[in-house]
Amino acid sequence: MVTLREPILHPVPIEELRPTQITVGMREVKAKRKAWRLKAEAAGDKAGEFLGNHMVPTIRGPRGKYYVIDHHHLSLALYEEGVKDVLVTTVADLSRLERDAFWFVMDCHDWMHPFDEEGKRRGYEDIPKSIKDLIDDPYRSLAGELRHVGGYAKDTTPFSEFLWADFLRRRIKRKDLEKNFEAALEKAHDLAKHKDADYLPGWCGPVAE
């Protein structure tokens, strides 16, 4: 494996980027689409500067493909807004590895999250081949919104939002989430402050004196 210390930037068509997870929170994707439209309208010809400040970190994989290890939501939002290319920076070059070895290394480095919209682990082959084929996990949307309203703090733990999504999935019924997102968010906020959640990254519940 070659780990690259300096950011080497490449413009890559978004449609050619390979995901390293199965799901996203589509509610969060919609919010990022709206934010991009506002920035693009305000910036005009300088909209490209925004993209330059949001480089997508990738791993170079078999056949030279770029595998996204962060910014899946932003990448999908930009694709749906008609943006053709993004700048990527290569974190590591694993292009010489055979496919099975590649996915094994990705798994060991926490550079992938092969869990479906029900929170069940799937095989590497179930990860979509394109950003546009990511599917919705409403609990990932709930976890993302929970962080935005102060339910927990941003954390560097890989896939921390998915850990929160799994916690909430076990405590809030999907039909209740789909029926009333705001009510589910309020319940999630209460759950996030409980000691049952203290093992999760970014937990900021009350601490006994």
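## Salt bridges between helices

A salt bridge here is a side-chain nitrogen of Lys or Arg within 4 Å of a carboxyl oxygen of Asp or Glu. The model is predicted. By this rule, 15 salt bridges are counted.

Glu 80 and Arg 33 meet this cut-off, with their side chains 3.2 Å apart, N to O. This pair links distant parts of the chain: Glu 80 sits in helix α3 (residues 72–80) and Arg 33 in helix α1, 47 residues apart. Glu 80 is partly exposed at 35% relative accessible area. Arg 33 is partly exposed at 24%.

Helix α1 has another partner. The side chains of Arg 27 and Glu 182 form a salt bridge at 3.4 Å, N to O. Arg 27 lies in helix α1 (residues 26–43) and Glu 182 in helix α8 (residues 181–192), so this bridge ties together parts 155 residues apart in sequence. Arg 27 is partly exposed, at 39% relative accessible area. Glu 182 is also partly exposed, at 49%.

## A bridge from loop to helix

Arg 121 and Asp 107 form a salt bridge at 2.5 Å, N to O. Arg 121 belongs to the loop between α4 and β7, and Asp 107 to helix α4, so the pair connects parts 14 residues apart in sequence. Arg 121 is partly exposed at 44% relative accessibility. Asp 107 is partly exposed at 21%; the buried class covers values under 20%.

The loop between α4 (99–108) and β7 (135–136) also holds Trp 111. Trp 111 counts as buried, at 15% relative accessibility. Its C-alpha is 5.8 Å from that of Ile 69, although Trp 111 and Ile 69 are 42 residues apart in sequence.

## Aromatic contacts

The structure holds 8 aromatic pairs. One of them joins Phe 102 and Trp 103, edge-to-face, with 5.1 Å between centres and 65° between planes. Phe 102 is buried, with a relative accessible area of 0%. Trp 103 is buried too, at 7%.

Phe 102 and Trp 103 belong to one aromatic cluster with Tyr 67 and Tyr 124.

## A positive surface patch

Lys 173, Lys 175, Lys 179 and Lys 187 gather in a patch of positive charge on the surface. Lys 175 lies in helix α7 (residues 174–179). Its relative accessibility is 56%, so Lys 175 counts as exposed.

Technical notes
Residues are numbered from 1 along each chain as its sequence is written. This is a predicted model: local features need pLDDT of at least 70, side-chain atom pairs count only at pLDDT 80 or more; totals for chains, interfaces and linings use all residues. Side-chain values use heavy atoms; hydrogens and water are left out. Patches are made of residues with over 30% relative accessible area and no salt bridge: like charges are joined within 9 Å, nonpolar side chains (Val, Leu, Ile, Met, Phe, Trp, Tyr) within 5 Å. Accessible areas come from the Shrake-Rupley method with a 1.4 Å probe; for residues, only the protein chains shown count as cover. Lys and Arg count as positive and Asp and Glu as negative; His and the chain ends are not counted. The place of a charge is taken as NZ of Lys, CZ of Arg, CG of Asp or CD of Glu. Helices (H or I, at least four residues) and strands (E, at least two) are DSSP runs, numbered from the N terminus. Buried means under 20% relative accessible area, exposed over 50%, partly exposed in between (1.4 Å probe, protein chains only). Rings of Phe, Tyr and Trp (its six-membered ring) pair if their centres lie within 6.5 Å; planes under 30 degrees apart count as stacked, over 60 as edge-to-face and the rest as tilted.
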